[in-house]
Amino acid sequence: MFNLLEKCRRPGGLVMGWCSSGSPLLGEAMAVAGFDALTVDLQHGVQDFSDALRVLQAIDGRGVPAMCRVPWNEPGIVMKALDAGFQGIICPMIDDRAQAEQLARWCHYPPHGMRSFGPHRAQISLGNDYVAHAHEALVILPMVETEAGLRNLDSILSVPGISGVYVGPNDLALALGHPAQAIPCEAVKEHIEHILGRTKAAGKLCGIACGSPQMVADMLAAGFDIATLQNDLRLFLHGMTQQLVETRQLRPSAG
């Protein structure tokens, strides 16, 4: 059953979790933890497609919708991810309208695109009427994270079959000559605000990767539809570090 797009449109936006480790157990734990949706990362995550499928199955078992960030704008992996039952695609490094049009074609069946038929697991997890509803229900988000993507934002947003855009603040910062950091500098924040404003003016969804709970709260308050709170490995490292600090503080001193 499709439910991601419906969640994205709710007032207040949704908090997205990010699965990079390839662990189905961590994916299931994140689904139970209360994230509104999860993304399984095939671009920078240390997992292959088989790992991603197992993580998706664990997430599906808890009724939480999942997207896939594909490694690149390439039809094989885009179609394979959708056939597996991911309810949306985040695609990195989209620079212009032509690339966004390619992404839309890979994601949608004719007459809207050129996706090949074979949604075997998608029909199991999302229903036998999957093909009839896929075009209107999938969430397709090209990432705006390059200077060219920023420059061509309006033309990217105008592409039929694209649900909106997803901002990659770190790559955007690097592309514009600024450091990648958990809290974007003021110059990058201005560009982020510009992307949000143009996306909302186009009536489409806008998502963003965030480096802290405060940034998630700020971005949702600003009007973003999706704000992602770090990835499973970073959350694990943060929790582990905090526990070790507390343990050392409570441990009796030697001698």
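A residue counts as buried at under 20% relative accessible area, as exposed at over 50%, and as partly exposed in between (1.4 Å probe, protein chains only). This is a predicted model, in which local features need pLDDT of at least 70 and side-chain atom pairs count only at pLDDT 80 or more, while totals for chains, interfaces and linings use all residues. Residues are numbered from 1 along each chain as its sequence is written, and side-chain values use heavy atoms, with hydrogens and water left out.

**A buried loop residue**
- Gln87 is buried, its relative accessible area being 5%.
- Gln87 lies in the loop between H4 and strand S4 (88-91); helices (H or I, at least four residues) and strands (E, at least two) are DSSP runs, numbered from the N terminus.
- Contact means heavy atoms within 4.5 Å. Leaving aside residues up to four places away in sequence, Gln87 touches several residues, among them Met1, Phe2, Pro65, Leu126 and Val139.

**Aromatic pairs**
- The structure holds 3 aromatic pairs; rings of Phe, Tyr and Trp (its six-membered ring) pair if their centres lie within 6.5 Å, and planes under 30 degrees apart count as stacked, over 60 as edge-to-face and the rest as tilted.
- Trp18 and Tyr166 form a stacked pair, 6.0 Å centre to centre with 20 degrees between the planes.
- This pair links distant parts of the chain, with Trp18 in strand S1 (residues 14-19) and Tyr166 in strand S6 (residues 164-167), 148 residues apart.
- Both Trp18 and Tyr166 are buried.
- Tyr109 and Phe117 form a tilted pair, 6.3 Å centre to centre with 40 degrees between the planes.
- Tyr109 is buried, with a relative accessible area of 10%, whereas Phe117 is exposed at 58%.
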